[in-house]
Amino acid sequence: MDTWETIRIRCRRDGEKIKVVARELGLAPNTVRKYLRHDGPPKRAAGPRPRVLDRYATHIDELIRSTPQITAVRVGSYLRQTIDTEFQIGERALRQYIAARRAVLVPREAFVRASYAPGDQSQFDFSPMSVLLAGVLVVVQLFVVRLSYSGRFMARASMRCDQPSLFAGLLAGFMAFGGLTRTSIFDNASTAVRRILRGRNRAENEAFTAFRGGLALHVEFAAPAKGNEKGGVEGVHGYIEDNFFRPMPSFADLDELNAALVVFCDASLSREHMTHHETIGDRFAREQPMLQALPTVLPRACVTKYARVNKFAEVCFERDWYSVPTRWAHRNAVIEVYEQRLRIVVDAEVVAEHQRGNGKGDRFLDPRHYIELLAHKHRAAENALVLSDGRIPDVLRALFDRYRQSEPRTATKRWTQVLSLLSEVPVAELAQLVTHALARGTDDPDAIALMLEQKRAPAPSLALRTSALPTAARHEAPVVNLAAYATALLIESAA
């Protein structure tokens with residue numbers, strides 16, 4: 001009404017131009033002209049136009065009240081099946097209408113702010129993060145454990161979020177804190193929970209139960225789809241992502257990344273707690289004495305699996321193949337799986353240890369495991385997989401080519417004689433020894449073995465023994481006669 005009155009006064013009475021008045025009032029010129037055409041005041045705008053779904057509002061409201069999680073698509077099909085067979089509406093309009101009605105009929109969940117005592121609770125979880133390792137974009141799994149009272153946290157990156165990584169992260173976290181909390185909160189990940197039962201009951205994985213029992217850690221599981229029950233650790237994940245992983249950092253390897261994370265976590269002690277307005281370090285200083293002591297013997301951060309060594313002296317774990325010495329072929333084995341490595345045990349003896357693969361069907365074969373067998377089957381060495389694909393240095397492969405050119409019939413036998421030295425020295429050291437022998441103009445296996453023996457023999461002692469000298473060159477210590485000195489002392493004492 002005020003706008004209409006202003007337009008009529010300025011344009012009709014004062015004769016101002018329509019464009020000037022429209023620009024100053026923030027209106028379109030056509031709007032000003034419309035107000036000038038009508039002598040009467042403008043009427044209030046009519047209410048919103050009726051919508052197609054308004055006639056079904058009662059049925060839709062009943063569905064939303066009875067089933068708050070019902071989808072818009074299901075509401076549309078229900079109306080078409082039971083109310084109106086000719087019901088037709090666009091999916092987008094239906095979704096918007098259902099969302100608006102759900103916001104009115106279903107109140108949003110409210111939360112109660114929690115308060116924790118020192119040493120009362122901790123929370124832990126995984127979250128994926130992107131980082132450059134050796135120039136390659138890699139998605140690592142960031143494990144974080146956080147103390148609920150002080151806000152102190154520990155972060156650690158792994159290549160996967162399986163049980164060995166979980167166990168290693170828990171050990172590293174509570175060792176950094178210097179103790180355990182009375183309880184700890186985790187979600188229902190398959191690394192810990194085998195089955196979700198009624199209420200808060202869970203059927204835990206046997207390996208997880210054994211580990212937390214050895215650590216004396218009590219774990220409670222959050223309700224399904226209730227991330228707010230461990231909101232503290234969820235917030236720390238966001239804080240680390242914003243302040244450490246953005247912009248995307250670059251590291252040489254995973255160890256360098258974890259070393260940087262340790263520095264970052266320690267620096268957070270000087271950060272002010274968002275709720276209590278004091279530093280995290282001050283609160284942690286009060287909480288640390290209240291933590292429960294760690295067990296004297298800590299559990300191992302590994303998972304035990306069982307396997308059968310095949311005829312090629314290999315065991316399979318997560319689609320990757322790992323070699324063992326050939327004398328253990330066709331035997332039952334135990335695989336101890338750690339975060340970045342695994343050990344193979346046969347008859348209570350550790351027979352092999354490998355870097356853990358990524359489950360892509362790779363073969364991790366150690367040439368030393370096949371030396372004993374190749375000594376009897378030397379002709380198989382030429383096409384042996386364990387001696388190909390860069391598993392041995394190029395100089396050793398070039399030595400075989402040299403043998404094959406000079407004496408083809410004995411090439412594999414002479415080559416395996418050199419390779420048998422791997423039972424005594426590492427591959428890199430043997431490669432240096434062969435390079436040195438070739439530089440001296442020899443490729444004889446016996447000569448290479450002799451050079452190794454001379455290299456490993458202790459240096460001769462340089463001490464000179466007196467018995468080895470001629471008689472004239474020997475120098476004997478003089479014999480001192482003290483009889484005269486003793487007589488003089490007696491005379492002096494008598495006087």
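In these legends, a residue is called buried when its relative accessible area is under 20%, exposed when it is over 50%, and partly exposed in between, with a 1.4 Å probe and protein chains only. The model is predicted, so local features need pLDDT of at least 70 and side-chain atom pairs count only at pLDDT 80 or more, whereas totals for chains, interfaces and linings use all residues. Residues are numbered from 1 along each chain as its sequence is written, and side-chain values use heavy atoms, with hydrogens and water left out.

**View 1. Ala134 in the loop between β1 and β2.** Ala134 lies in the loop that joins β1 (121–133) and β2 (136–147), where helices (H or I, at least four residues) and strands (E, at least two) are DSSP runs numbered from the N terminus. With a relative accessibility of 59%, Ala134 counts as exposed. Its phi is near 55°, a positive value in a residue other than glycine. Most residues other than glycine have a negative phi, and most peptide bonds are trans.

**View 2. Asp347 in the loop between β13 and β14.** Asp347 is found in the loop between β13 (341–346) and β14 (349–355), and its phi, near 55°, is again positive in a residue other than glycine. The relative accessible area of Asp347 is 53%, which means that this residue is exposed.

View 3. Pro247 belongs to the loop between α9 (231–243) and β8 (250–251).

**View 4. The two sides of helix α16.** The buried residues of α16 are Pro445, Ile448, Met451 and Leu452. These residues cover an arc of only 120° around the axis, which puts them on the same side of α16; the arc is that of the directions from the helix axis to the C-beta atoms. The face turned away from this buried side carries the exposed residues Asp446, Glu453 and Gln454. Among the elements that cover the buried residues of α16 are α13 (394–406), α14 (411–419) and α15 (427–439).

**View 5. Thr416 and its contacts.** Thr416 has its place in helix α14 and, at 9% relative accessibility, counts as buried. Leaving aside neighbours within four places in sequence, Thr416 is in contact with Leu374, His378 and Ala381, where contact means heavy atoms within 4.5 Å.
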